[in-house]
Amino acid sequence: MLNRIAKTAARTSARASGVINNAPMKDQDRIFTNLYGFHDWSIKGAEARGDWYKTKEIILKGAEWIQQEVKDSGLRGRGGAGFPTGLKWSFMNVPVTDGRPKYLVVNADEGEPGTCKDRDIMRHDPHKLIEGCLVAGYAMGARAAYIYVRGEFYNETSNLMYAVREAYAKGYLGENACGTGYDFDVYVQRGAGAYVCGEETALIESLEGKQGKPRLKPPFPAAVGAFGCPTTVNNVETIAVAPTICRRGADWFASFGRERNTGTKLFNISGNVNTPCTVEETMSIPMRELIEKHAGGVRGGWDNLLAVIPGGSSTPLLPKHICDDIMMDFDALAAAPSGLGTAALIVMNKDDDPVECIWRLMEFYKHESCGQCTPCREGVSWMNDILKRWTFGQSRGPEEIEQLWEISKQVEGNTICALADGAAWPAQGLIRWFKPYLEERFAEDVRRQEAAGISLEV
Amino acid sequence: MFRRLVSRVPTFTSNRRAGIFVHRDTKESNVDIPFEWTEENLVRIQAIKNQYPYGHENNAAIMPVLDLAQRQYGGWLPLSVMDAVAATLDVPPIRVYEVATFYTMYKRVPVGKYHIQLCGTTPCMIGGCGAKKIKEAILEEVGIGHHNDELTEDKLFSYEEVECLGACVNAPMVQINDDYYEDLTPEDMKQILRDLRKDGFSRKGPRNGRVSSEPLGGATSLTEPPTGPGFGVRDDL
């Protein structure tokens, strides 16, 4: 007891003093020990690596204890929004008087361009996710968990379903899960190719067998969610790290990163790097160190870097001079301004055309928009048309930059879900950091059109 | 003096038709195409329905059962198959049509035996050799790729450019039926198509020697053997 008080005091004072622990991680501290699939992913291999160890004891500590541990660890949602997980789970504490069960829904609809971390968890370390479902589900009083996996991940879903069967066979799930007396089921549902179903209310709609069109919030899923019952939707990584936090202690998890940005994170580094990869590293690691240590550096050297999209396509890009010394965590990137999102870095170097890259992202958002809200359906389509003309040298002049900015501002924040924001921010990032380049380029376009005798006026 | 420029923009994304959202009767897709569930699939349908709470089984099962029907029929859904799903689940057909038109994996036009889905979003567009070169390779090898849902003459291959497939660190990549073929070069892509035509099988996964998503040349993390159960576990459990 005194030991615990001393530890809490030490942790509080360390955090208050702004200690940043972003030294390179040791393998023994990494949570996803089979990230690359070098070892056996079935239950035998998982148990040999420490999964399902003392799960019964964790559950018997009680739901409040588990929620407090997750709150103390400072875990923030790993699906892109970064909402404190312990707080989110505590919204489920409201007692339900009309007999509706509670559900945990795991969001494995990984569709954000750049992101491929949940794929590795599901195919190489599925038991971490399944144990996490049980621990998290118990913590919020859920009766069952639905893992919604995107439809394209057929083989990953196969592994996951097989692992669920193994867990049932060993008595870890189902009636009297792990011998604790708590009944808990895990079901796997496949999606069918819609990025918008990664949004929590759209996912719930899709789970119910309808078109994946997001709902208005309020009512929040913790009040009315899947099948009308109180539901929490969490990302795969968030749920999969929960049992390890409970096992090794909230202090251990909070010892990585810095205050309010604690723990470890799976980073995906893709684009124009020498060795693109997925890697688990500490939060607050400097971006340059991450890219150079694990991804082999930018193709052509660090000075060949043009811009990095730090957190999956929905976050605005950051130019080189910011990437030189920025830390990869929620607060530092939000101040940049950008965002950590899913920690999926897309690296662009000077061989790429930034306008084409952002245009292709806008085309992605236009394709994936569900069509409910006029600002998204029409606005994103309009922005796509503008960016397409810019890419192919058909801009109408530098005044279009202001027009695109204004459209993106009108789209942002005026919709039911955040897909429109995710579409608007890359365009804003491009304009914010590349305005002189764009102005010069469009003036050149207009000169070329006039020389060829072409008018693009409407 | 100035002539109007018709916006004939050359697009990498080709003529992006997501498919029309109304039904037009064709020889292959109309209400008279026969479809009967296999015995196995009827068992599967019941297992699917058992996953959902009482009262919600039929509606929530629409998506998995529609996928099952698509697999049984051979990769796409004529109108009568969608109606059969609606009849099996006792839901109005419009509910099935809504789902079939909203999600991109439900095909409503014929596909080839091997449906090639090329990811064209930005990480695949700029990663590795770039998705445009892979598209050219497909065009050179089997002659399709001019527009979505294009079929080869022998109905062996069909092509579609899709959005992010979630394998961005293994760019560029394609999905053929259910499998991912990653870390491609144009020569790899042609070899895969040749293998499929000859043997009906080609090795899936990364083509450049990687196991999965570790850095090429060897993992920079997880180089030590994994720790066992009980490592670092707190004492008060």
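The model is predicted: local features need pLDDT of at least 70, side-chain atom pairs count only at pLDDT 80 or more, and totals for chains, interfaces and linings use all residues. Residues are numbered from 1 along each chain as its sequence is written, chains are lettered from A and ligands numbered from 1 in the order in which they are written, and side-chain values use heavy atoms, with hydrogens and water left out.

**View 1. The interface between chain A and chain B.**
On the chain A side, 103 residues are in contact with 81 residues of chain B (contact: heavy atoms within 4.5 Å). The size of an interface is often given as the accessible area lost when the parts come together. Here the buried area is about 7400 Å² (the accessible area, 1.4 Å probe, that two parts lose on being put together, summed over both). Carbon and sulfur atoms give 57% of that area.

Seven salt bridges run between chain A and chain B (a side-chain nitrogen of Lys or Arg within 4 Å of a carboxyl oxygen of Asp or Glu). One of them pairs A:R190 with B:D67. Their closest N and O atoms are 3.0 Å apart. Helix 15 (residues 354-368) of chain A supplies the largest share of the chain A side that touches chain B, nine residues. Helices (H or I, at least four residues) are DSSP runs, numbered from the N terminus. By class, this side of chain A has 42 nonpolar, 30 polar and 31 charged residues. Nonpolar covers Ala, Val, Leu, Ile, Met, Phe, Trp, Tyr, Cys and Pro; charged covers Asp, Glu, Lys and Arg; the others, Gly among them, are polar.

**View 2. Cysteines without a disulfide.**
Over all chains, the count of disulfides is zero (a pair of cysteine sulfur atoms within 2.5 Å). A:C116 is buried, at 3% relative accessible area (buried: under 20%; exposed: over 50%; partly exposed: in between; 1.4 Å probe, protein chains only). A:C417 is in no disulfide either. The nearest cysteine sulfur to A:C417 belongs to A:C370, 6.2 Å away. A:C417 is buried too, at 14% relative accessibility.

Side chains of opposite charge can pair when their charged atoms come close. The whole structure holds 57 salt bridges over all chains. In this one, A:R49 and A:D125 meet at 3.2 Å, N to O. The partners are 76 residues apart and link distant parts of the chain. A:R49 sits in the loop between helix 2 (43-48) and helix 3 (55-60) of chain A. A:D125 sits in the loop between helix 6 (117-124) and helix 7 (126-139) of chain A. Both count as buried, A:R49 at 7% relative accessibility and A:D125 at 1%.

A:K435 pairs with A:E402, with closest N and O atoms 3.9 Å apart. A:K435 lies in helix 18 (residues 419-452) of chain A and A:E402 in helix 17 (residues 399-411) of chain A, so the pair ties together parts 33 residues apart in sequence. A:K435 is partly exposed, at 32% relative accessible area. A:E402 is also partly exposed, at 46%. In chain B, B:K198 forms a salt bridge with B:D199, N to O 3.8 Å. Both of these chain B residues are exposed.

A:T238 belongs to helix 10 (residues 236-248) of chain A. Is A:T238 buried or exposed? A:T238 is buried, with a relative accessible area of 0%. A polar atom of its side chain lies 2.9 Å from the backbone nitrogen of A:R78. Beyond neighbours within four places in sequence, A:T238 is in contact with A:L75, A:G77, A:R78, A:G79 and A:T85.

**View 3. A:N159 in helix 8.**
Helix 8 of chain A (residues 154-169) carries A:N159. This residue is buried, at 16% relative accessibility. Leaving aside neighbours within four places in sequence, A:N159 is in contact with A:W41, A:M122, A:R123 and A:P126.

Definitions and conventions. Helix = DSSP H or I, 4+ residues; strand = E, 2+ residues; numbered from the N terminus. Polar contact = N/O pair within 3.5 Å; in protein donor to acceptor, adjacent residues only side chain to side chain.
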